[in-house]
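Notebook open, structure loaded. I'm jotting down what I looked up, one entry at a time.

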Amino acid sequence: MPQDYPLIKALYEIREENMEQFLLILQILTQCGEEEDTGGDEFVIGEYGSTHCAFHRENFLLSIASDERFEGDTVEGNLNGAEVCVIRNISDETHKYVYWNELGFREYELNQKHGGREYYRSGGKKVGIAPETDELGQKLLNEAVEIGHKLFAVDRENGNRIFEFRHSYANKFHGFQQEELTPDLRKMILRKVCAYEAASV
């Protein structure tokens, strides 16, 4: 399955452009208004409780580091007045790296062995070039789809070049142009990328 556009990435982009809007969205996500009877669980942190708790959002809380209880990457509270529950917390940019796998947050990083020109290793294997800019690399990585346990993206604006992305470490990935593809695999990649883009519109 292709990775969805991560919520945390959208939030940080909004924060860069409009802090007031960012805080408003966080308030909506963490409080979600009031209802008389939800029939759901109630999560209590200290003296504050919510029936729209993060427990319902796959055990994640998006919070503001307004109190020391919200500064760490986890928050502890009581569920339904008894059970102690620990919820994963995101209140700082560093927290997204702690939970990068669960959030689907992938970050492009240039690998120096994939430079601006192709070359051959001593064993005769061709080494593909990296995307021309980090911005293009990140854009393609965001659009990459998984086929056969590998990530592929298509540079639609530059002759449908196909790039393969590989995991480097943590949430970092590097990419390179992949020209050694069978015709059938190339068709499959193009078809799957087109289907993913159509579904994303």
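This is a predicted model: local features need pLDDT of at least 70, side-chain atom pairs count only at pLDDT 80 or more; totals for chains, interfaces and linings use all residues.

Is histidine 174 buried or exposed? I looked, and histidine 174 is buried, with a relative accessible area of 8%.

**Entry: around histidine 174**

I placed histidine 174 in strand E12, which covers residues 172-177. Its side chain makes a polar contact with the side chain of serine 168, at 2.8 Å.

I wanted the strand order next. Five strands make an open sheet, and they run E6-E12-E11-E10-E9 with mixed pairing. The edges are strand E6 (107-108) and strand E9 (145-147); each has a single partner strand, so one side of each has no neighbour in the sheet.

How many bridges join E11 and E12, and in which sense do they pair? I found six bridges, antiparallel, with E11 spanning residues 161-169. One pair I noted is phenylalanine 165, whose bridge partner in E12 is glycine 175.

Between E11 and E12 there is a loop, and alanine 170 is in it. I flagged alanine 170 for its phi near 45°, a positive value in a residue that isn't glycine. Its relative accessibility is 39%, so I have alanine 170 down as partly exposed.

The loop between strand E10 (150-155) and E11 holds asparagine 160. Asparagine 160 also has a positive phi, near 55°, and is a residue other than glycine. I logged asparagine 160 as partly exposed, at 27% relative accessibility.

**Entry: salt bridges**

I searched the whole structure and got five salt bridges. One of them joins lysine 172 and glutamate 107, with the closest N and O atoms 3.3 Å apart. That pair links distant parts of the chain, since lysine 172 sits in strand E12 and glutamate 107 in strand E6, 65 residues apart. Lysine 172 is buried at 15% relative accessible area, while glutamate 107 is partly exposed at 21%.

Next I looked at arginine 161 and aspartate 155, whose side chains meet in a salt bridge at 2.6 Å, N to O. Arginine 161 counts as buried at 15% relative accessibility, and aspartate 155 is buried too, at 3%. Which residues are linked with Asp155 and Arg161 in a network of salt bridges? I found that Glu132 joins Asp155 and Arg161 in that network.

Then I noted arginine 166 with glutamate 164, where the closest N and O atoms are 2.8 Å apart. Here arginine 166 is partly exposed at 38%, whereas glutamate 164 is buried at 1%.

**Entry: glutamine 178**

Glutamate 164 came up again when I checked glutamine 178: their side chains make a polar contact at 2.9 Å. Glutamine 178 lies in the loop between E12 and helix H6 (183-200). I have glutamine 178 as buried, with a relative accessible area of 14%. Leaving out residues up to four places away in sequence, glutamine 178 touches Phe152, Ile162, Phe163 and Glu164.

I moved on to strand E5 (residues 83-90). Strand E3 (residues 60-62) runs parallel to E5, and three bridges join them. Phenylalanine 60 has arginine 88 as its bridge partner in E5.

On strand E4 (residues 74-79), I found antiparallel pairing with E5 over six bridges. Asparagine 78 pairs with valine 84 of E5. E4 and E5 form a hairpin with three residues between them, and asparagine 80 in the turn has a positive phi of about 55°.

I looked up asparagine 142, which belongs to helix H5 (residues 134-143). At 29% relative accessibility, asparagine 142 is partly exposed.

Last, the surface. Which residues form a nonpolar patch there? I got Met19, Leu23 and Ile64, with about 250 Å² of accessible area together. Leucine 23 lies in helix H2 (residues 19-31) and is partly exposed, at 35%.

Key: Residues are numbered from 1 along each chain as its sequence is written. Side-chain values use heavy atoms; hydrogens and water are left out. Patches are made of residues with over 30% relative accessible area and no salt bridge: like charges are joined within 9 Å, nonpolar side chains (Val, Leu, Ile, Met, Phe, Trp, Tyr) within 5 Å. Accessible areas come from the Shrake-Rupley method with a 1.4 Å probe; for residues, only the protein chains shown count as cover. A salt bridge is a side-chain nitrogen of Lys or Arg within 4 Å of a carboxyl oxygen of Asp or Glu. Helices (H or I, at least four residues) and strands (E, at least two) are DSSP runs, numbered from the N terminus. Buried means under 20% relative accessible area, exposed over 50%, partly exposed in between (1.4 Å probe, protein chains only). A polar contact is a pair of N or O atoms within 3.5 Å; within protein, one must be able to donate a hydrogen and the other to accept it, and residues adjacent in sequence count only if both atoms are side-chain atoms. Contact means heavy atoms within 4.5 Å. Two strands pair if DSSP finds at least two bridges between them.
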